[in-house]
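Here is a friendly walk through one protein model, with the structure shown just below. Keep it open while you read.

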Amino acid sequence: MSSGPARGSSSSSAGESLRNSCNDFARTLARLPASIMEGLSRSIPRRRSHHHPVPHRLQPPPQGPPLLPPPFVPEELFFFSVFEQQYGAHHPFFYDCRFADALRAARREGKLVFVYLHDPGHPYTEPFCRRTLCSDVVVEFLDANFVSWGAVSGSGEGPGMVASLQPGSFPFCAVVAPVSDESIAVLQQVEGPVSQSELVEILQRTIDEQGAAFRASRPDEQAAAVRSARTAEEEERRRSALRLRQEQDAAYLDSLRRDQEKERSRKSLQEGAAKPRAGNQLRPRHPPGQAARQPTKPTQIRAPPQKETAASPRTEPNTKIMIRFPNGERRLQSFRHTDTIRDVYRYVDSLGIPGIGSYQLVRSYPRKTYGQQQLGMTLGDAGFYPSVTLYIEQLS
């Protein structure tokens, strides 16, 4: 086990190595080009000492057939699918998106990024995942303090990350921070098997010693990122409101057209019924020499026009919500745009799925929680159109 750039420490001195590597840690920078921002094209500089990073050329990824995702699984969901298939649904909240999107989420939330590179065939991978990464203390710590992202070393963005971070052993974890749209700062690296307490200690030291300094070094950039995120959210809300108004207008016009057709049909039936009654009336006899009076035309009584009715709630468009439970079960349910977050909670409670307890609804990307303060928010205002996936996040 080793952490940071140091490698090859024996397992007997693991705790001392962890403390030394955290105390002597020096931050490195890496530039992100197209292969990871759509990928990485330059590697992370390696250090010859703890204090002087030395850049080097990007080494090609190891040769061999890559682990390809099944055709029905998107590339960004491949790690998620592989990990849950083997280790279950209890694990850190990994963002199911590309690495560039995880960096943007971290910049918006003011957090560091925890990167995990998964090698399914390495002998240390399974005990590390079961005993350390999926333990309650590590899951709780990562979800509270980091934006977590993972990749399979031989598939998707995994080979590019392996070539850039150049792990000496697996399992491999790193703590990185977004610097700009093209660069990241590598604040910590952990290689090989570590225990729950050792991993949490490393991560806590990294936050204490590097996180505050990193955030303080870029307040203007963080403020700009927050403003940009708010602008994007406002624009999305404006577009959602515009779509909702257009759909409501279309539903109203359709209802009005139906009412007008019914009115025309009713008038036509009234006129058709009045004509036979007029023809069947008996004609009076007239004395000779007197001209018969022309029968008077029946008067038509116009019915007062009906008031225009508002669009029926049944004509409102639906949104589909996929709800993912901690036990891996998924449920798909349709709701109206006028329904609220409270209606989604009522639906979840009505299912009676055991073991949930106290919980809140979470949208994975961009990560947003919907708790007590959002119960009255409509699904249209929340932007849940045409579909969205929500996770059940259990509360302690």
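## Strands β7 and β8

In which sense do β7 and β8 pair, and over how many bridges? β7 and β8 are antiparallel partners, joined over seven bridges. Strands and helices are DSSP runs numbered from the N terminus (strands are E, at least two residues; helices are H or I, at least four), and two strands pair if DSSP finds at least two bridges between them. In this pairing, F172 has E191 of β8 as its bridge partner. Nine of the nine residues of β8 (residues 183–191) are buried, so this strand is largely enclosed by the rest of the structure. Here buried means under 20% relative accessible area, exposed means over 50%, and partly exposed lies in between (1.4 Å probe, protein chains only).

Before going on, a word on the source: this is a predicted model, in which local features need pLDDT of at least 70 and side-chain atom pairs count only at pLDDT 80 or more, while totals for chains, interfaces and linings use all residues. Residues are numbered from 1 along each chain as its sequence is written, and side-chain values use heavy atoms, with hydrogens and water left out.

The loop between α7 (158–165) and β7 (172–178) holds P171, and the peptide bond from F170 to P171 is cis, with omega near 0°. Q166 is found in the loop between α7 and β7 as well. Its phi is near 50°, a positive value in a residue other than glycine. Q166 is buried, at a relative accessible area of 18%.

## A five-stranded sheet

Next comes an open sheet of five strands with mixed pairing, in the order β10-β9-β13-β11-β12. β10 (330–336) and β12 (368–370) are the edge strands; each has a single partner, so one side of each is left without a neighbour in the sheet. On average, neighbouring strands of this sheet are turned by 35° against each other, direction ignored. For such angles, axes are lines fitted to C-alpha atoms (for helices over the stretch in contact), and angles run from 0 to 180 degrees between N-to-C directions.

β9 (residues 318–324) and β10 run antiparallel, with seven bridges between them. Across this pairing, R324 stands opposite R330 of β10.

## The second largest pocket

What volume does the second largest pocket have? It holds about 670 Å³ of space. A pocket is an open set of points on a 1 Å grid over the protein atoms alone, with protein on both sides within 12 Å along at least five of seven lines; a cavity is a set where a 1.4 Å probe fits but cannot get out, and lining residues have an atom within 4 Å of a point. Of the 23 lining residues, H91, V139, D143, E393 and Q394 are the closest to the pocket centre.

α6 gives the most to this lining, with five residues. Domain 1 (75–217) and domain 3 (318–394) each contribute at least three residues; these bounds come from an automatic or database domain assignment.

## The second largest cavity

The second largest cavity has a volume of about 70 Å³. Among the residues that line it are S240, R243, T319, H337 and Y385. Helix α9 (residues 219–279) gives the most to this lining, with four residues. Domain 2 (219–256) and domain 3 (318–394) each supply at least three residues of the lining.

Technical notes: Points joined across faces, edges and corners; volume = space filled by probe spheres on them.
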